Every structure is written in C-alpha cells, then in structure tokens.
Amino acid sequence: RSPEKAAEMARRFEREAKLVSQLRDPHTITVYDFGKTADGLLYMVTEFIDGQSLLNYIHDNGRIRPGIVARMVSQILFSLLEAHQRGMLHRDIKPANVMVHDLPGRPTQIKLLDFGIAKAFDDDADTGDSMSMSLTAKGRVIGSPGYMSPEQIYGQELGPESDIYSLGLVAYE
C-alpha cells in the first residue's frame, strides 16, 4: 500500500470514528476512544456487548416471532434516527452488524454495530469541516450486496431511505 493510500485511510478512519463517537442512542455501540498507535496501527475502543450477532441469533433460533422482530426493528430505528439526524448514514445494515443481548428484565435488546463505512450525507456546503465531508468517493459502491438499496448498488446518491431499505431486508430475513 502506498503512503498516500495509507494516509487517506487514516484520515477516513479518524473522520468516521469522530462521527460515530458522537452517537449516544442506547441501541448504538458506544465508542470510547480511537486513535493511532506509535507504530501506525489504527484502533477504536468500544463497549463490550455480551451477546451474539443477529446472524447467529437467527441461525440458533430459526424463525423469530413477529412481535420480537418488531421490537428489534424499532430499536434499530432509534439508532438510525439519531445517526440520520446527525447527517450520517450507516450503509451496511445487515444481521452481522446487529448484536442481540439481554439486560436484566429486558430480553432481546439490540445494538447496532460497525459504522465503519458510515458516510456523512449533509454535504450541501463545503465548509472545510471534516464532519461535513463525504467519507468515501462519490459513485463508489460500498456495503454488503445482499442488503444494499438499489441506489447503493448503482453508486447513486444515498439518503436515510437507503438504510431503511436495508433494514427492511433484514426484518424480512
């Protein structure tokens, strides 16, 4: 990897980590710290979730009752609501990026993970503020193909509806 690509990757990582570390919804993974070690390793410190991915949960439990699916989806929607209100798209909603865990008296709680390819979508003005800059190249297709919205597949402009489309696919699954 070229030094230029490594530097761009580090800048993108820092912008994404700054965006995600601002999220406070209880259904979003909490980012406590992030940075770069002396030898150049990028890191992000998040909360530990004692649970399993929704992918594994579906595998272990089979078909999930509609009421539980509705509760899971509503929790993910709260996480996405905050991200969208802050001008951020997740862009990789899929069962592997959703953790299912239990709290005392509150089973089947959800945490949305892996905002690693998150993208700021309120790029209307070039303010020079890294928080308003696109985090990936326009037209570049990033995500998990089986859960992408049509506009994401075709590398078109994305908005909150792209994440909602992906969540609908997850709910159906």
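Biologist: A salt bridge is a side-chain nitrogen of Lys or Arg within 4 Å of a carboxyl oxygen of Asp or Glu. With that cut-off, how many salt bridges does the structure hold?

Modeller: Six. Keep in mind that this is a predicted model: local features need pLDDT of at least 70, side-chain atom pairs count only at pLDDT 80 or more, and totals for chains, interfaces and linings use all residues. Residues are numbered from 1 along each chain as its sequence is written, and side-chain values use heavy atoms, leaving out hydrogens and water.

Biologist: OK, which residue does E8 form a salt bridge with?

Modeller: R15, with 3.3 Å between the closest N and O atoms.

Biologist: And is R15 buried or exposed?

Modeller: R15 is buried, at a relative accessible area of 10%. Buried here means under 20% relative accessible area, exposed means over 50%, and partly exposed is in between, using a 1.4 Å probe and protein chains only. E8 is partly exposed at 28%.

Biologist: What about K18, which partner does that one have?

Modeller: K18 pairs with E14, the closest N and O atoms being 3.2 Å apart. They sit four residues apart in helix α1 (residues 3–21), so about one helical turn separates them. Helices (H or I, at least four residues) and strands (E, at least two) are DSSP runs, numbered from the N terminus. K18 is partly exposed at 32%, and E14 is partly exposed too, at 39%.

Biologist: Which residues do salt bridges with shared partners join into one network?

Modeller: E8, R11 and R15.

Biologist: Switching to the backbone. What's the phi of R91?

Modeller: Positive, about 70°, although R91 is not a glycine. R91 lies in the loop between β4 (88–89) and β5 (98–103), and R91 is buried, with a relative accessible area of 5%.

Biologist: And where is D114 found?

Modeller: In the loop between β6 (106–112) and β7 (119–120). D114 has a positive phi as well, about 55°, and is not a glycine either. At 40% relative accessibility, D114 is partly exposed.

Biologist: Now the sheet. What order do the three strands have?

Modeller: β3-β5-β6, an open sheet with antiparallel pairing. β3 (51–53) and β6 are the edge strands with a single partner each, so one side of each has no neighbour in the sheet. The twist averages 25° from one strand to the next. For the angles, axes are lines fitted to C-alpha atoms, for helices over the stretch in contact, and angles run from 0 to 180 degrees between N-to-C directions.

Biologist: Over how many bridges do β3 and β5 pair?

Modeller: Three, in the antiparallel sense. Two strands pair if DSSP finds at least two bridges between them. In β5, M99 stands opposite S53.

Biologist: Which strands does helix α2 touch?

Modeller: Helix α2 (residues 54–61) packs on the sheet and touches β3, β5 and β6, its direction making about 95° with that of β3. Contact means heavy atoms within 4.5 Å.

Biologist: And helix α3, which strands does that one lie across?

Modeller: β5 and β6. Helix α3 (residues 66–85) lies across these two, running at about 40° to β6.
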